[in-house]
Amino acid sequence: MAGFSIQRSTRTSRATALVALLVLAALVAAPWWAGRADLRLLGEIFSFLALATLWNLLAGYTGLVSVGQQAYVGFGGYALFALAMFLGVHPLLAIVIAGIAGALIAIPIAPLLFRLQGAYFAIGTWVLAEVFRLSFAQVSALGGGSGASLPAGVVTGIASERFVREAMIYWTALAIAVAALAFVILLLRSRTGLALTALRDSEIASESLGIGIWRTKLAVYVSVAGLTSATGAFIFLQKLRISPDAAFSVNDWTAYVIFIAVIGGIGTIEGPIIGTILFFLLRETLADLGTTYLMILGAVAILVMLRAPKGVWGIIAERTGWSLVPIRRRVVFPQ
Amino acid sequence: MEWVNAIVQGILLGGLYALFAAGLSLIFGVMRLVNIAHGDLIVAAAYLALVVVQVTGLHPLASAVIVVPLMAAFGYVMQRLLLNPTIGKDLLSPLLVTFGISVILQNGLLATFTADSRRLAAGGIETATLHVLPGLNIGYLPLLMFVAAIVIIYGLELVFSRTSLGRAFRATSDDPEIAQLMMLDRRHVFGMAMALSAAVVAIAGIFLAIRTSFDPASGPARLLFGFEAVIIGGLGNLWGTLAGGIVLGVAQTVGAQISPGWQILAGHLVFFLILAIRPRGLFPRMD
């Protein structure tokens, strides 16, 4: 047998890593070159990037199509409010705790939802989100059905100077997006990532190779729930107000996120990034149209699913053969 | 007697939920498709009934002669144009396409009819009641919905077991490729299944419009109720959807009896409870 080696990085992926580092450096410096409104918008963009990347890991790589991730977005938001208002926890620390709490609560929930197969799993996740929404609406300490506002003291507690405070909130958003992306990339490069790819292609075949389907899915579902909760905690720290309908909104936290992943390209790392950029470009230009804008989003998503199911990135990758993020393994034989 | 009353009302409410569920169960049985837009189609049918009644002056129940064929035609076209290209590839595409249809339907209804909630007046039938015992009243409308659910499920069972269309449904469900070899056009069979589902949806929509007020955002909740009835009853069993609808209906009315805020929540919790103790539902028929 000729010796062979496994190669992962390509020339484009090394170039991408360099460009990504430069972009990251520019983004870290944003508080010094961007206006306050821009920082807020970037914070929102990073939240959606994180949500879409995490949803894509569930649906595109693990075969767990969820239409109920708003359960964790809302849970994280409420956890932040409860921690900051009642226990006086520092808001940025509360984001971390909210993430851990979200992962913990997902542990008993996942086995229940996994009893539902395929598409029924999707609707089961939605029922779960409704249970969360209706339950939080019953908690009068958190404002019941009408919701609560974050006391001003909590926000000023982050840092007394406005520039520092806004910069810290912005960096938190950036950190969450980078963490979500890094988590997905590292996971897919690990043994679990190989197992996931095998699972996606054939559950039966991968089980026969000794992959614990159930355990792998559980690990992914729980960690995605945790990171989604942390993202949700951030989203509502930035909004300063929470209500059951906003926290567990299927439109805001699932429809938009699915749209982002679909047009960008499901089952690719690059897809959600491109999708987020396209989504915000569309929103900044068309959002004044209101209901028509949402109908356009729905129609575009259907069209992409029917005509180009791999999304914009799928088309680019097919034409150019690019693979920007080195998660594929190539076998290289010496010439 | 309050509790007996709550349970009786819940059983009757189960009829409506069985109607929500039957259409969902039918298309899942034939083509393994879960239609996320199912609830929005029910609400769209309710609005269609509203328009038909306003334009023609027909009695709301009689509007079915127009609403049912229109919805069935819409279902057929939707299946052929949008859903057939996605069937059989993977799980994701049909799910996301129906999700897109749901978003379009909801916002289309919102743009056309505004967010105001509407209701269809049916000339007194919605308030007429039968006094069975002191403290126990049975409304004509819930009774009519319950009977309609039984008749429709019986009718669907007959279609499945006795007609050539039903044979085509079963054959395509069992093995789409062999069915195709037997000269069954899969695209048409799926279209007919969706048309039949949409016809049931139309009747459910008319009843919904008479029973409660509705608005463009009411769809998702109907989808979830129908879905819960399917899972509680057991996959692939049409009579099971009636049982599931009754369990869900009773859970909701008993929950509402405890506290109004608990009505919907109690239904969801009973659903998860049954999922935990009987993951295949009460009367499973399909793997």
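**Helices and chain contacts in chain B**

User: Hi! At what angle do α2 and α9 of chain B pack?

Analyst: Helix α2 (residues 38-56) of chain B packs against α9(B) at about 120°, with the axes 6 Å apart. Axes are lines fitted to C-alpha atoms, for helices over the stretch in contact, and angles run from 0 to 180 degrees between N-to-C directions. Helices (H or I, at least four residues) and strands (E, at least two) are DSSP runs, numbered from the N terminus.

User: So is that oblique or roughly perpendicular?

Analyst: That angle makes α2(B) oblique to α9(B). Under 35 degrees is roughly parallel, over 145 roughly antiparallel, 65 to 115 roughly perpendicular, and the rest oblique.

User: Which residues make the contact?

Analyst: From α2(B), they include B:His38 and B:Ile42, and from α9(B), B:Pro220 and B:Leu223 are among them. Contact here asks for C-beta atoms, placed from the backbone, within 7 Å.

User: New topic: how much of chain B touches chain A?

Analyst: In chain B, 35 residues are in contact with 35 residues of chain A. Helix α4(B) gives the largest share of that side of chain B, 14 residues.

User: How far can I trust this?

Analyst: This is a predicted model: local features need pLDDT of at least 70, side-chain atom pairs count only at pLDDT 80 or more, and totals for chains, interfaces and linings use all residues. Residues are numbered from 1 along each chain as its sequence is written, while chains are lettered from A and ligands numbered from 1 in the order in which they are written. Chain B averages a pLDDT (the predictor's confidence in each residue, from 0 to 100) of 91, and 99% of its residues score at least 70. The model scores ipTM 0.90 and pTM 0.91.

Conventions:
Contact = placed C-beta atoms within 7 Å.
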